[in-house]
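I am opening a notebook page on this structure. I want to look at how the chains meet, and then at the spaces inside.

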Amino acid sequence: MSVGSRGPEAEPVELPGSSPDAALLARLRAGEDDAYRELLRLYGSRLLAVARRVMRDETDAQDCLQDAFLSAFRSLADFEGKSRLGTWLHRIVVNACLARLRARKRRPEEPLDLQPPEFDRHGFRIGPTDMPPGNADELLEREEVRQQVRQGIESLPDGYRIVLVLRDIEELSTLETAKALGITTGATKVRLHRARLALRNRIESIRQ
Amino acid sequence: MRTLRWVFVRKLMRRRETAGPAELRIHAWLVRHVPYLLTCADFEQFVHDYVEGSLDPRERRTFDLHMELCRTCQVYFAHYVETIDLGKAVCDAADAAASPDLPEELVAAILAARSAR
């Protein structure tokens, strides 16, 4: 990861009529049945993965995906092509998941299992001064690490997990994430930071 | 920043991890009175924005200077960035390993729902 690479990026502009997306879009708007199946084939699996990460439950994820695609089919005439088709669908899936979560009966949010950074009375950090052994690539080779990281993300309370998934995994901008969740960019930053710290604590416990 | 004063300040601040109580009080005084120096608690407030690339040039220089002088925060920041990278890499690996196709019953359900409207 390069620091500073996570700011909002301009979405690529499609050339009208010349890209594979444009050809598929024309067929979808013409009502070709095979075009709908092809859309599901091209984007369905990736978007189901997104829904799974947001919803945590396979049935809910599939229901959200269905809602999202039906919404997309109804909105094809409104798609202006200012973003890629996949990006547009991604946004619809995320919104469908969030709508379903909001519609659920509100439960008190579980507390975040977080060991916040510690500072002495002068404001200096209390912590290790040696870099830990191994690097990210070496850690990734271990199945137990991959499993712990996945479980670590899944175990975050909804409010923190969804921000982490949208920002760090799906790479939405802070502004896009805040808009999708209906919270301020400041609240988004705080939740994301705390979610990352909670996940970091879990990764550190694997190392020990 | 390249004056003799800064050379002295840098040398002193780099010894923080092994400093005794008296020296730590000097460090704390320097941080309160010398521009561009941060406490680690202040540094913590900038970490997210630094990763986002949204610090202005002055803030970024201040952040970079603290990273240069504070071994504890170097280690902390390395862990922080590694966490972000691992989360993304694990999810990407899971996506790559998953079936490229939707379950056929889900495809059928979506297409049937579309036809019913």
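My entries below cover the interface, the salt bridges and the cavities.

**Entry: the model**
I note at the start that this is a predicted model.

**Entry: the contact between chain B and chain A**
I looked up the residues on each side first. Chain B brings 56 residues to the contact, and chain A brings 62 residues. Then I looked up the area. About 5,300 Å² is buried between chain B and chain A. Carbon and sulfur atoms give 65% of that area.

**Entry: polar contacts and the chain B side**
I counted polar pairs next. Between chain B and chain A there are 15 residue pairs in polar contact, with both residues at pLDDT 80 or more. I then went through the elements of chain B that touch chain A. Those that give two or more residues are α2 (21-33), α3 (40-52), α5 (71-97) and α6 (104-116) of chain B. Helix α5(B) gives the largest share of this side, 22 residues. By class, the side of chain B that touches chain A has 30 nonpolar, ten polar and 16 charged residues.

**Entry: salt bridges**
D95(B) forms a salt bridge with R53(A), and their closest N and O atoms are 2.9 Å apart.
I also checked a pair inside chain A. R27(A) forms a salt bridge with E38(A), with the closest N and O atoms 3.0 Å apart. R27(A) lies in helix α1 (residues 20-29) of chain A and E38(A) in helix α2 (residues 33-55) of chain A, so this pair ties together parts that are eleven residues apart in sequence.

**Entry: the largest cavity**
I searched the whole structure and got two cavities of 30 Å³ or more. The largest cavity holds about 60 Å³ of space. I listed its lining: F124(A), M13(B), R16(B), V31(B), L37(B), L38(B), H66(B), L69(B) and C70(B). Sorted by class, that lining has seven nonpolar, one polar and one charged residues.

**Entry: the second largest cavity**
The volume of the second largest cavity is about 30 Å³. Which residues line the second largest cavity? I find L164(A), D168(A), I169(A) and L199(A), along with T83(B), I84(B), G87(B) and K88(B). Two elements give two or more residues to this lining: α7 (158-169) of chain A and α5 of chain B. The largest share, four residues, comes from α5(B). I sorted this lining by class too, and it divides into four nonpolar, two polar and two charged residues.

Conventions
Residues are numbered from 1 along each chain as its sequence is written. Chains are lettered from A and ligands numbered from 1 in the order in which they are written. This is a predicted model: local features need pLDDT of at least 70, side-chain atom pairs count only at pLDDT 80 or more; totals for chains, interfaces and linings use all residues. Side-chain values use heavy atoms; hydrogens and water are left out. Contact means heavy atoms within 4.5 Å. Buried area is the accessible area (1.4 Å probe) that two parts lose on being put together, summed over both. A salt bridge is a side-chain nitrogen of Lys or Arg within 4 Å of a carboxyl oxygen of Asp or Glu. A polar contact is a pair of N or O atoms within 3.5 Å; within protein, one must be able to donate a hydrogen and the other to accept it, and residues adjacent in sequence count only if both atoms are side-chain atoms. Ala, Val, Leu, Ile, Met, Phe, Trp, Tyr, Cys and Pro count as nonpolar, Asp, Glu, Lys and Arg as charged, and the others, Gly among them, as polar. On a 1 Å grid over the protein atoms alone, a cavity is a set of points where a 1.4 Å probe fits but cannot get out, and a pocket is an open set with protein on both sides within 12 Å along at least five of seven lines; lining residues have an atom within 4 Å of a point. Grid points are joined across faces, edges and corners, and a volume is the space filled by probe spheres set on the points.
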